[in-house]
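Hi,

Here is the structure I said I would pass on. Have a look at it first, and my notes follow below.

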Amino acid sequence: MNNIGYAATSSTSPLSPFKFFRREPGPKDVNMEILYCGICHSDLHAVRSEWPGTIYPIVPGHEIVGRILKVGSMVKKFKVGDIAAVGCMVDSCRKCDSCLAGNEQFCEVGCIYTYNSPNVHTKGITYGGYASHMVADEDFVLRVPTSYKEKDLAGVAPLLCAGITTYSPLRYWKIGKGSKVGVVGLGGLGHMAIKLAHAMEARVVLFTSSSSKIEDGKRLGADEVILTKDPKNLESNQRSFDLIIDTVAVQHDLNPYINLLKQDGAMCLVGVPEKPHPALNVFNLIKLRRKLVGSLIGGIKETQEMLDFCASNNITSDVEVIPMDKVNEAYNRLVKGDVKYRFTIDMSTLDKSSLDKT
Ligand code: NAP
Ligand code: ZN
Ligand code: ZN
């Protein structure tokens, strides 16, 4: 089936209209009309080849909310008209230990990402959510809780990556009442980490490099905000955190944060900068058996659990909704940190007239 989306054809070219094919939905597939797609900093890293492996043209977008237009004959979870969502993955081997344990993101064969992954159906690559439609196997499509109304959906889209990427480590480290959680960086992931950790009743401390975000940090649920520009500010709160989630998209010194962890505490890196962080002082780790770890999105079951948790706690992302043709401007603003706190593309603004002609 014909699709229209926005693609980049090289690391230096802007995103522009792009026509392509998606497979006709098979028996287990759904076809959805995309309503909203969030802009993740990973989209920008991939489009600009800040990470290795980008195949052009690339259609980014993995924070997708849409309305089901068609379901295959064997689809059980969805019916036409349902509001559904697709996140960062559209398939995996489903047989390896990681997949069987619900951690499809760690699939031994390699999960199929929503964009820029091999597409076994078309023999090309997968194309993401800056597009008119999405076709995916229902097992990788999430139910959007019905308590979310039409007006909430732009803020639901970012939960599919920013939400699950921060929810997963919070759950893995059993964060709850009495826990102390640090969040480094107040962007798309950071603001979700604050909202989620606050809803889990943890004490939340935001570390930000932007003095303009102090008030917002508190409004979003941080109990304390620490401005990182002055290194002296990182000397308080030593030995007190159970978990620090680092969402910063550029390289920086991790040592001051490691010192804030209590015994057995963990510093979890979710931000993936283009260049490596400077080396760590191992003494700071061994002293209190502290852990430096990473985390990648979350499995499908956990993503559904996260959506249900957000719905029951009235959580959505704070979004600035933009029309499709403002996407390049949004990327430039994202680099400058000028977003509160996620851009979401209103896909009704995508010019679909060329589709009608085919
Ligand atoms: P974002 O909205 O751009 O937020 C990043 C934040 O980092 C900024 O808001 C800023 O917060 C802080 N920062 C500090 N210095 C910066 C600088 N020089 N330039 C840019 N940001 C700076 O990005 P995001 O969408 O939340 O993504 C954050 C990172 O996580 C990206 O690297 C992304 O690729 C990665 N990611 C990883 C996963 C995963 O599964 N692990 C999933 C999604 C995204 P302050 O102003 O508060 O300092
Ligand atoms: Zn993402
Ligand atoms: Zn697998």
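Predicted model: local features only at pLDDT ≥ 70, side-chain atom pairs only at ≥ 80, totals over all residues.

A quick one to start: in which loop is P57 found? P57 sits in the loop between α1 and β4 (64–71).

Y341 is placed in the loop between α10 (327–335) and β17 (342–346). For context, most peptide bonds are trans, and most residues other than glycine have a negative phi. On the phi side, E201 is not a glycine but has a positive phi of about 75°, and you will find E201 in the loop between α5 and β11 (203–208). N237, in the loop between β12 (224–227) and β13 (241–246), also has a positive phi, near 65°.

Now the ligands. Ligand 1 has 28 residues around it, and H41, T208, S209, S210 and R342 come nearest. For polar contacts, a polar side-chain atom of T208 is 2.6 Å from an oxygen atom of ligand 1. From the backbone, an N or O atom of I297 lies 2.8 Å from an oxygen atom of the ligand, and a polar backbone atom of S295 is 2.9 Å from a nitrogen atom of ligand 1. The protein covers 88% of the 910 Å² of accessible area that ligand 1 has on its own. Two elements, α1 (41–47) and α5 (188–199), each give two or more residues to the shell, and α1 gives the most, with three. By type, the shell divides into 13 nonpolar, 13 polar and two charged residues. Domain 1 (2–160 + 318–357) and domain 2 (162–294) both give residues to this shell, so ligand 1 lies between them.

Then the zinc ions. Ligand 3 is coordinated by the SG atoms of C93, C96, C99 and C107, at 2.3 to 2.4 Å, with the donor residues spaced C-x2-C-x2-C-x7-C in sequence. The arrangement is tetrahedral because the four donor atoms subtend angles of 104 to 120°.

C40, in the loop between β3 (29–39) and α1, and C161, in the loop between α3 (153–156) and α4 (162–172), are 121 residues apart, and the pair links distant parts of the chain.

Cheers

How values were computed: Residues numbered from 1 in each chain as written. Chains lettered and ligands numbered in written order. Heavy atoms only, no water. Near = heavy atom within 4 Å. Polar contact = N/O pair within 3.5 Å; in protein donor to acceptor, adjacent residues only side chain to side chain. Areas by Shrake-Rupley, 256 points an atom, 1.4 Å probe, with all protein chains shown as cover. Helix = DSSP H or I, 4+ residues; strand = E, 2+ residues; numbered from the N terminus. Nonpolar A, V, L, I, M, F, W, Y, C, P; charged D, E, K, R; others polar. Domains from an automatic or database assignment. Donors = N, O, S within 2.8 Å, 3.2 Å for Na, K, Ca; no water. Tetrahedral: all angles 85-135°; square planar, octahedral: opposite > 155°, others 65-115°.
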